[in-house]
Amino acid sequence: MPVSIFFTFWGLNVIKKEHKPHVKKDFFGKMFSWMLPSSSRKLHLSQMSFFGMGDRLMRHIMRRKNIEQLEDLRQAAQKAGVEFIACQMTMDMMGIAKEELIDGVTVGGVATYMQRAEQANVNLFI
């Protein structure tokens, strides 16, 4: 069955490239770049990350228990045909360029999300 995932606000950090090209940003875009994680590998487990120790511990436990890493799961999903949609409004607001996102991401707005949701048998909003 076709699957699409709509990424907005902090969820966009999950689909950012690890090594992004340099893109010109305005003042607010630069501020958001400075404040937000640069890629999925820089995401924090929670506010109780303990200076990154919690994040590293979680990845370590996942490896020990043979649980795929987020980046591997994301790649497998794309390979299986899952459509990733990045919210255009949020990208504009936070100064995130399409070039900063992993390859294969569709950029769309709420209308794109609503169209996919209307056609779906199941719609989860988290």
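In the predicted model, Phe7 has Ala86 of strand S2 as its bridge partner. Strand S2 spans residues 83-87 and is joined to strand S1 by four bridges, with the two strands running parallel. These strands belong to an open sheet of three strands, arranged in the order S1-S2-S3 and paired in parallel fashion. The edges of the sheet are formed by strand S1 (4-7) and strand S3 (106-108), each of which pairs on one side only, and from one strand to the next the twist averages 30°. In general, the strands of a sheet pair through backbone hydrogen bonds, in either a parallel or an antiparallel manner.

A search of the whole structure finds three aromatic pairs. One of them is formed by Phe6 and Tyr113, whose ring centres lie 5.4 Å apart and whose planes meet at 50°, so that the pair is classed as tilted. This pair links distant parts of the chain, since Phe6 lies in strand S1 and Tyr113 in helix H5 (residues 110-119), 107 residues apart. Phe6 has a relative accessibility of 22% and therefore counts as partly exposed, whereas Tyr113, at 16% relative accessibility, counts as buried, because the cut-off for the buried class is under 20%.

A further aromatic pair is formed by Phe27 and Phe28, which are arranged edge-to-face, with 5.4 Å from centre to centre and 75° between the planes. Phe27 has a relative accessible area of 56% and is therefore exposed, and Phe28, at 55% relative accessibility, likewise counts as exposed.

Methods:
Residues numbered from 1 in each chain as written. Predicted model: local features only at pLDDT ≥ 70, side-chain atom pairs only at ≥ 80, totals over all residues. Heavy atoms only, no water. Pairing = 2+ DSSP bridges. Axes fitted to C-alpha atoms, helices over the stretch in contact; angles between N-to-C directions. Phe/Tyr/Trp six-rings, centres within 6.5 Å; stacked < 30°, edge-to-face > 60°. Buried < 20%, exposed > 50% of the residue type's maximum accessible area, 1.4 Å probe, protein only.
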